[in-house]
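Subject: Structure handover

Hello,

Please find the structure we discussed below. My notes on it follow.

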Amino acid sequence: MIVVLDDFQNLDIADGGDFLLKNLSSVLGETAKERKKDNCTYVMCGSRINAMKDIFEEKKLFFRTVKTYYPLQPVLKDALSRMIAIHE
């Protein structure tokens, strides 16, 4: 199972965001072993780079849960045009 949390950084700016993120980090960290057995993967996506860095690097939340960090680079216009042309 794959659970995708899009615009994840918005949790940090929501009312009670710190409380929510700390509790979510704790729950996911505690259940990491069970999720591994169940083949459950969480994907946390966000477009606000500094906000995501604040959550994962500054506040050090989800350190028991996040195994891999994939910063994405902007897609070049030419590359995007080629990808669209291939799939038309």
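Lys 59 has a relative accessible area of 31% and so counts as partly exposed. Buried here means under 20% relative accessible area, exposed over 50%, and partly exposed in between, with a 1.4 Å probe and protein chains only.

Before the rest, the conventions. This is a predicted model, in which local features need pLDDT of at least 70 and side-chain atom pairs count only at pLDDT 80 or more, while totals for chains, interfaces and linings use all residues. Residues are numbered from 1 along each chain as its sequence is written, and side-chain values use heavy atoms, with hydrogens and water left out.

A search of the whole structure returns 3 salt bridges, a salt bridge being a side-chain nitrogen of Lys or Arg within 4 Å of a carboxyl oxygen of Asp or Glu.

- Asp 12 and Lys 59 meet through their side chains in a salt bridge, at 2.7 Å from N to O. Because Asp 12 lies in helix H1 and Lys 59 in the loop between helix H4 (49–58) and H5, this pair ties together parts that are 47 residues apart in sequence.
- Lys 59 also forms a salt bridge with Asp 18, where the closest N and O atoms are 2.8 Å apart. That pair links distant parts of the chain, with Lys 59 in the loop between H4 and H5 and Asp 18 in helix H2 (residues 17–30), 41 residues apart.
- Asp 54 forms a salt bridge with Lys 59, with the closest N and O atoms 3.5 Å apart. Through shared partners, the salt bridges join Asp 12, Asp 18, Asp 54 and Lys 59 into one network.

Asp 18 is partly exposed at a relative accessible area of 38%, and Asp 54 is partly exposed at 26%.

**Asp 12**

Asp 12 sits in helix H1, which covers residues 10–13. Its side chain makes a polar contact with the side chain of Lys 59 at 2.7 Å. A polar contact is a pair of N or O atoms within 3.5 Å; within protein, one must be able to donate a hydrogen and the other to accept it, and residues adjacent in sequence count only if both atoms are side-chain atoms. Leaving aside residues up to four places away in sequence, Asp 12 touches Gly 17, Asp 18, Leu 21, Asp 54, Ile 55 and Lys 59; contact means heavy atoms within 4.5 Å.

**Fold and surface**

The protein has 5 helices and 2 strands, in the order β-α-α-α-β-α-α along the sequence. Helices (H or I, at least four residues) and strands (E, at least two) are DSSP runs numbered from the N terminus. Of the 88 residues, 20% are buried. Among contacts between residues at least 6 apart in sequence, 70% join residues at least 24 apart.

The protein exposes about 7200 Å², of which carbon and sulfur atoms supply 58%. Areas come from the Shrake-Rupley method with a 1.4 Å probe, and for residues only the protein chains shown count as cover.

Ile 84, in helix H5 (residues 77–86), is partly exposed at 47% relative accessibility.

Regards
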